[in-house]
Amino acid sequence: MNYHTYFGRESAPVECCIVGTGGFGRSFIAQSLKTPLISTRVAVDLKAQTATDVLRGLGIDPSRIAQCATASEAKTAWENGHYIAAGDLCVVLDLPISVVVEATGHPEAGAKHCRLAIDAGKHVALVSKEVDSVVGPGLALRARNNNVIVTPVDGDQPSLLMGLVTWAEVLGLDIIAAGKASEYDFVYDPKQKTLSSNGKTASAPDFGDWIEPASLDLATIAARRSEIAAEFPQRAVPDLCEMTLVANATGFLVDRADLHVPIARITEVADFFSERSSGGLLGAPKVLDVFHCLRLPGELSFAGGVFVTVRCDDAETWQMLAEKGHVVSRKGDVAMLYIPRHLLGVEAATSILEVGLRGVSSGAAEPRPVIDLVAHADADIEAGTILTASGHHHSIVNVSARMIPAGPLSDDRAVPFYLAANRTLKRAVRAGQPILCGDVELDETSALLELRREQDKAFF
């Protein structure tokens, strides 16, 4: 695609506000300073000083940064051509910004920001997958009713995978599976006989026997690798969360509620994510999954990229493509096509420009609730426990996630994972059981809960 032609070289820049100046937000501001078609002069965080520090850290002259506590102050700073740092989105919503980039990662705050922005007539680039997994389709509907758009962002895997899926569908390819590599590779060192992932290294003397097994069935390979790597986390809530967003955009389902998540070489992905009739792990086509990229030291990574596996309908064509280095299964009946990158805020500009200049989303025009990401107890959890979400992955101790068919909230239905986050259990839950809505003290003042009930009413 010629992006200069697509977006135009002479267009006025899209005026953006970034909410949340952490990792993604900072990288987005940094890249937007180099992107002539995007202007990000407004940054919002919990404290205005935090936003100020990020702007300064990116080389912006401190004399050009105004900390604003009121809408009047923000208006004056805007008219003077200054960068604006604020601690409250409401302070800047009257400014002539067209896109609010919500990147806090906080489910409750993110829900409030999205609602405020939509109701103020601003497009929303929704980076916070925690919000999207609970109320994404409802927010998109609310936006349409306000003549604006909620879009995912390129640079994150959900948007990139939605694009890859629709690309494959336009070509008429028969998709078997779609998914992504997990955030952290598994690296096996044959000299040291160790396995490493996410900064942790463990002895794995038997793993070498399972690097390139030629004749064993894939289910056995996946199970044995997982067993040897048992001390490493192999399922992360954010991975399932991102696949939930893709399900709601594409209509794809899952083969198992916690995904297969095999530890796999790049060259094996077409084999693992084929149907069982072809020797793979899947019981049905058009499903979503994730794999851990297995490699040796010095080998290229999948870099958290995205993939589809497709049927090889014409053997001669795919044999030619296999000879050119494309990944085709051992049987030659399934191929893996992939994008080996996700560049976070560096790459988000395409989505911002699509919504700001062309009025289209990088995801589905009208996403629908297809999958719910729900909470599952991994240990006995007593009544009175606060389900605190913490850390980079917003994880909850002793709680994992499952992907189940979407449905309306009810006391006897599993609670959406991020709706339960930071809430108190009002009755005990035993290990291996879903955590139900009726088990949790939901906050009746919660914007996320209110938006979810609106979504349920609209779609169910």
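Arg311 is partly exposed, at 25% relative accessible area (buried is under 20%, exposed over 50%, partly exposed in between; 1.4 Å probe, protein chains only). The model is predicted: local features need pLDDT of at least 70, side-chain atom pairs count only at pLDDT 80 or more, and totals for chains, interfaces and linings use all residues. Residues are numbered from 1 along each chain as its sequence is written, and side-chain values use heavy atoms, without hydrogens and water.

Arg311 forms a salt bridge with Glu275, with the closest N and O atoms 2.7 Å apart (a side-chain nitrogen of Lys or Arg within 4 Å of a carboxyl oxygen of Asp or Glu). Arg311 lies in strand β15 (residues 306-311) and Glu275 in the loop between α10 and β14 (287-295), so the pair ties together parts 36 residues apart in sequence. Helices (H or I, at least four residues) and strands (E, at least two) are DSSP runs, numbered from the N terminus. Glu275 is buried, at 15% relative accessibility.

## Other salt bridges

The count comes to 30 salt bridges. Arg330 and Asp271 form one of them, at 3.7 Å, N to O. Arg330 lies in the loop between β16 (327-328) and β17 (334-339), Asp271 in helix α10 (residues 269-272), so this pair joins parts 59 residues apart in sequence. Asp271 is buried, at 9% relative accessibility.

Asp380 and Arg430 also meet in a salt bridge, at 3.8 Å, N to O. They are 50 residues apart. Asp380 is partly exposed at 45%, and Arg430 is partly exposed at 43%. Lys129, Lys180, Asp239 and Glu242 are linked in a salt-bridge network.
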